Amino acid sequence: MNEQRLHAYNQLIQTLLDCPSGEEPEILAANTELLDADFVQVVAAAEHFAQQGEENTAEFKQV
């Protein structure tokens with residue numbers, strides 16, 4: 001996964017976190033090119049670090 005793709009994943013994650021409830025399906029539908037196994041790995045890693053209390057690491061994954 002290249003840096004540009006990782007940045008796009010992180011932007012999508014931030015957009016989803018910031019959007020009003022209920023708008024997630026529309027955002028995902030508009031970004032289907034980013035919905036792949038690597039995206040799932042980035043989300044899972046950020047979630048794991050957040051659950052472990054490592055907010056700084058989770059935030060880094062979302063930059």
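**Reading a salt bridge in a helical model**

Author: Buried residues (under 20% relative accessible area with a 1.4 Å probe, protein chains only; exposed is over 50%, partly exposed in between) make up 21% of the 63 residues in this protein. The model is predicted, so local features need pLDDT of at least 70 and side-chain atom pairs pLDDT 80 or more, whereas totals for chains, interfaces and linings use all residues. Numbering runs from 1 along each chain as its sequence is written, and side-chain values use heavy atoms, without hydrogens or water.

Reader: Which pattern does the protein follow along the sequence?

Author: Helices are DSSP runs of H or I with at least four residues, and strands are E runs of at least two, numbered from the N terminus. Here the pattern is α-α-α-α, with four helices and zero strands.

Reader: How many salt bridges does the structure hold?

Author: A salt bridge places a side-chain nitrogen of Lys or Arg within 4 Å of a carboxyl oxygen of Asp or Glu. The structure holds one: Asp36 pairs with Arg5, their closest N and O atoms lying 2.9 Å apart. This pair links distant parts of the chain, 31 residues apart, with Arg5 in helix α1 (residues 3-18) and Asp36 in the loop between α2 (24-30) and α3 (37-51).

Reader: What share of the contacts joins residues 24 or more positions apart?

Author: A contact means heavy atoms within 4.5 Å. Among contacts with a separation of 6 or more, such residues account for 52%.
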